[in-house]
Amino acid sequence: MKTLMIKVDSDNPDPSKIQTAADILRNGGLVAFPTETVYGLGANALNSEAVLRLFEAKKRPLDNPAIVHIAEAADVYLLVAEVPKKAELLMKEFWPGPLTLLFKRSEKVPSASVAGLDTIAIRMPNHKVALALIRQSQRPIAAPSANLAGKPSPTTAQHVYEDLNGRIDAILDSGATNIGVESTVVDLSRDPPMLLRPGGTPFEALKKVLSDLRLHPFVEAEQELPPEKARSPGMRHKHYAPKAAVILVGGDIEAVTAKIVELTETYRAKGTKVAVLATDETQTRYQADVVKSLGSRFNLAVVAQNLFRLLREVDAEGVDVILAEGVPSEGLGLAVMNRLRKASGYHIIKA
Ligand code: TXA
Ligand code: MG
């Protein structure tokens, strides 16, 4: 299969280019497109065959359903069995935006689209290209992140191309995404509501609207928890794993820096090639084979923006070990730490 690359202006998308992609979706094809979080790989959510092709292209396990993307908040009512009051509050405040809500699903949604579950995850992205594509295809669009299963999510069209060239019909290229980590997932199919995956919408902001919102224990887990405790299939699957072994070093920043310096020396003495994922404030302290800064520790939104790109970049340097500095778990830091813990396979050192 030849994968078509279509450049589209993110502020002013050309409707004829969007129509080319929308026609592919309407015909059961697969199109990768930008959202404000990461690139998604889209298929018509109401076409089971298209959704199955999507799973095959990503090599994604069939038990892990995709998020369904819509362009009008009102379209939720067509896909779900009921919209709780608390969901309406969140939709009003945070849509369009990086927030995915879990509802009890309508019978009209094909079982394949939700991996046989009785719930459906829905979001309305805040990106002109994504919204135009959904509108012009006149379908709800199932879209997981557009990476091969287990790889870091793509924040550029180039990342999508590296993983999926020859496996999908087209990629809409609008440059780098703004937020850099995926949407926050909140389960409203039960009460009290529970945050299942931290992401682009901070927990603190959600709590201001829903004071009884809780964090699922998986969000901050520092070791693998029993899979039967997972409320979302994505919690059980291996994620964000580069080829190199990732070690996350957490704690007070002075102690973290000292520990990483020590580990770097030990590894390099053995001939192991080491990369450090540092921050602006600490990067000059390290003498590793590769040192990259995620950004300032005082601007966690920028750290989130850079995270997946830098995981891909250091991996491309062919290092054996990646030592990653922990950051504070506030704002977007909660999502960054969750992704780093998963990328490390819970190989976490407390400095
Ligand atoms: O920002 C994002 O959310 C991106 C962009 C493309 O929108 N999408 C994304 O999709 O990250 P994906 O498929 O990589 O992650 C979806 C997460 C997975 O952890 C999945 O298990 C969970 O949402 N999920 C989807 N449907 C679910 C359901 N019915 N019940 C529980 N969890 C569900
Ligand atoms: Mg994903």
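These legends go with close-up views of a predicted model.

Local features are given only where pLDDT is at least 70, side-chain atom pairs count only at pLDDT 80 or more, and totals for chains, interfaces and linings take in all residues. Residues are numbered from 1 along each chain as written, chains are lettered from A and ligands numbered from 1 in written order, and side-chain values use heavy atoms, with hydrogens and water left out.

**View 1**
Strands here are DSSP runs of E with at least two residues, helices are runs of H or I with at least four, and both are numbered from the N terminus. Two strands pair if DSSP finds at least two bridges between them. Asn44 has Ile141 of strand 7 as its bridge partner.

**View 1. Ligand 1 sits among 25 surrounding residues.**
The closest are Thr37, Asn64, His69, Ser183 and Gly234; a residue is in this shell if one of its heavy atoms lies within 4 Å of the ligand. Strand 6 gives the largest share of the shell, four residues. Sorted by type, the shell has 11 nonpolar, nine polar and five charged residues. For that sorting, Ala, Val, Leu, Ile, Met, Phe, Trp, Tyr, Cys and Pro are nonpolar, Asp, Glu, Lys and Arg are charged, and the others, Gly among them, are polar.

**View 2. Side chains reach oxygen atoms of ligand 1, with Asn64 as one of them.**
An N or O atom in the Asn64 side chain is 2.5 Å from a ligand oxygen. For Arg60, a side-chain N or O atom lies 2.9 Å from an oxygen of ligand 1, and for Ser145 a polar side-chain atom is 3.0 Å from one. The protein covers 97% of the 680 Å² of accessible area that ligand 1 has on its own, using the Shrake-Rupley method with a 1.4 Å probe.

What does the side chain of Arg123 contact? It makes a polar contact with the side chain of Glu36 at 2.9 Å, and a polar atom of the Arg123 side chain is 3.0 Å from the backbone oxygen of Gly97. A polar contact is a pair of N or O atoms within 3.5 Å; within protein, one must be able to donate a hydrogen and the other to accept it, and residues adjacent in sequence count only if both atoms are side-chain atoms.

**View 3. Two loops carry cis peptide bonds, at Pro96 and Pro192.**
Trp95 and Pro96 are joined with omega about -5 degrees, in the loop from helix 4 (85-94) to strand 5 (99-104). For Asp191 and Pro192, omega is about 0 degrees, and Pro192 belongs to the loop between strand 9 (184-187) and strand 10 (194-197).

**View 4. Lys59 has a positive phi, near 55 degrees, although not a glycine.**
Lys59 lies between helix 2 (48-58) and strand 4 (68-69), in the loop, and is exposed at 55% relative accessible area.

How values were computed. Buried means under 20% relative accessible area, exposed over 50%, partly exposed in between (1.4 Å probe, protein chains only).
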